[in-house]
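Hi,

Here is the structure I promised to pass on. Have a look at it first, and my notes follow below.

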Amino acid sequence: MKKTWWKEAVVYQVYWRSFYDSDGDGYGDLQGLMEKLDYIQHLGANVIWLNPCYQSPDKDNGYDISDYYQIMDKAGNMKTWETLLHEVHKRDMKLIMDLVVNHTSDQHPWFLESRSSKDNPKRDWYIWRDKPNNWRSYFTPSAWEFDKTTGQYYFHSFAIEQPDLNWKNPEVREAIYEMMRFWLDKGMDGFRLDAIALLAKPDGFPDAANPNDIRYLTNHPGLHDYLKEMNEKVFRHYDIFTVGEVAFVTPEEGLKYVAEDRQELHTLFHFEVCDEMPSWDPLRFKQIQKRWYEALWGKGWNSQFLNNHDHTRQVTRYGNDQEYRMESAKLLATMLHTLPGTPYIYQGEEIGMTGVRFPSIEDYNDIAMKNKYAEEVAKGRDPQEVLESLQPLSRDNSRTPMQWDDSEQAGFTTGMPWIKINPNYKTINVKQALADPNSVYHYYRKLIQLRKERLEMVYGTFCDYTENEPYIYAYTREWEGQRLLVVLNHCDHANHYELPKALTATNRQLLLNNYQDVQETGNILHMRPHEARIYELE
Ligand code: TEU
């Protein structure tokens, strides 16, 4: 397997508006991120993924871009961004930017022109039809919006304020490539490509048999031609890292995006876990890991993550955020950093931050949740019941501000935060985590350090010994004659694990564990609740 910096990287995702507010306006900002770069560096992560900070009316928190060449006021300005890049590089770290090219804001001048008349030169930059089909969008009951100026409907895969670009039009593609080069020429290190599996649309937009199954929004023919062209015209001319957001793909389909010999993207996020596995389901999870490993290994590269700004915090959704919060957060980290693929840390995960339940819909900001709430209540459903049904997966679970200390507003801002702070900040915060040698934070540091030293964790072949076990997950990673064994007891009670013969033939040495006092030499491992261990097999 070819070695590259991005395979060995540990990525830290910064949802800047919730990270650190340097000027008291209630929004995190780029200057705030700059002030916390040492914190991220000290953790050991070496690539930062920055959520979109381009100019935007902010209907979907920056994913509705109205000017690709400017920085949003809330975030700062181009000068701050350039200083940020410089400061990141000074620390031997890299910066990748989130980029949205499936759609723009409805306030983007391209769309303002496009909607102004049927014969405007930009008309065909977006997708216009006389009649809608029966598709839903991610955020609304119809993917089409009627525009009375010209009496036609335009297509939007997400909010009404996010019209989809027409990728069939070569002028659109050239304009996007030019803009990509503008950013890359500034020296940044790559892109997280938003909703990239949606670029191609089917001819004629036929109705879907089941309009609620929105898989029809993704993976249409033509998509890979666009990605190949993008690579040829832009990506391959820079030493960068690209990761595409690719929903609803099988591993075989996923490989097409990342196969090294195809030259499209470097890696992908598939969402078989986050979109399709609502709660912890060990057998299914193991199967997903194995299938992706088998399809990609030696050919293309995967990512490992269980949460981000769209998906509820992992210790709440897939672990235990109560009695075993610390152990559980550490176990999930151990798993993500030892499974095949580049691991991602979503800000706050490293201190075991949890999801949140706000009492009222008014406390929420997430456009996906608010639209769904309105849609369901309009059908006559009980508002309280609707709220409760939407809370567990609301995107705001992950978007509450970073908890820096136990002072007012968790040390995030001196003003009024744009979204409420999780009330548990008094006990869960960075200050506490830095002071406690057993904290989740310090465990992450050790784990990341280990990944730098033990390249088996990056390049090793993967073998799962517990495919049918509901609680214990035990697997090895082997590379250049070195072998690691990872054993995880992902549950609230203790379990024994008897090592299979294949794993007992050699000595074993414990390299990392999330309990303090493991002293076991026999072949039966007594695993405590949410216990995680990494052994070297000699
Ligand atoms: O998300 C795209 C998207 O499809 C997610 O909404 C979905 O939950 C999933 O995780 C993939 O199937 C991206 C951004 O991450 C999100 O914040 C934006 O709202 C969206 O695109 C629109 O730009």
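**Around the ligand**

In this predicted model, a polar side-chain atom of H309 sits 2.9 Å from an oxygen atom of the ligand. For H311, an N or O atom in the side chain lies 2.6 Å from an oxygen atom of the ligand. On its own the ligand would expose 490 Å², and the protein buries 95% of that. There are 18 residues around the ligand, and those that come nearest are D60, D194, D275, D310 and H311.

**The nonpolar cores**

The largest nonpolar core has 133 residues, and the members that touch the most others are L50, W81 and M180. Helix α6 (residues 170–184) supplies the largest share of this core, with 8 residues. Apart from it there is another core, made of 18 residues, including I96, A247, F305 and Y459.

W81 deserves a look of its own. Leaving aside residues up to four places away in sequence, W81 touches L30, L50, C53, I71, L95, M97, W183, K186 and M188.

**Helix α11**

Helix α11 spans residues 325–338, which makes 14 residues. From its first C-alpha to its last it reaches 20 Å, close to the 20 Å expected at 1.5 Å a residue.

Best wishes

Conventions:
Residues numbered from 1 in each chain as written. Predicted model: local features only at pLDDT ≥ 70, side-chain atom pairs only at ≥ 80, totals over all residues. Heavy atoms only, no water. Core = buried A, V, L, I, M, F, W, Y, C linked by side-chain atoms within 4.5 Å. Buried < 20%, exposed > 50% of the residue type's maximum accessible area, 1.4 Å probe, protein only. Helix = DSSP H or I, 4+ residues; strand = E, 2+ residues; numbered from the N terminus. Contact = heavy atoms within 4.5 Å. Expected span 1.5 Å × (residues − 1). Near = heavy atom within 4 Å. Polar contact = N/O pair within 3.5 Å; in protein donor to acceptor, adjacent residues only side chain to side chain. Areas by Shrake-Rupley, 256 points an atom, 1.4 Å probe, with all protein chains shown as cover.
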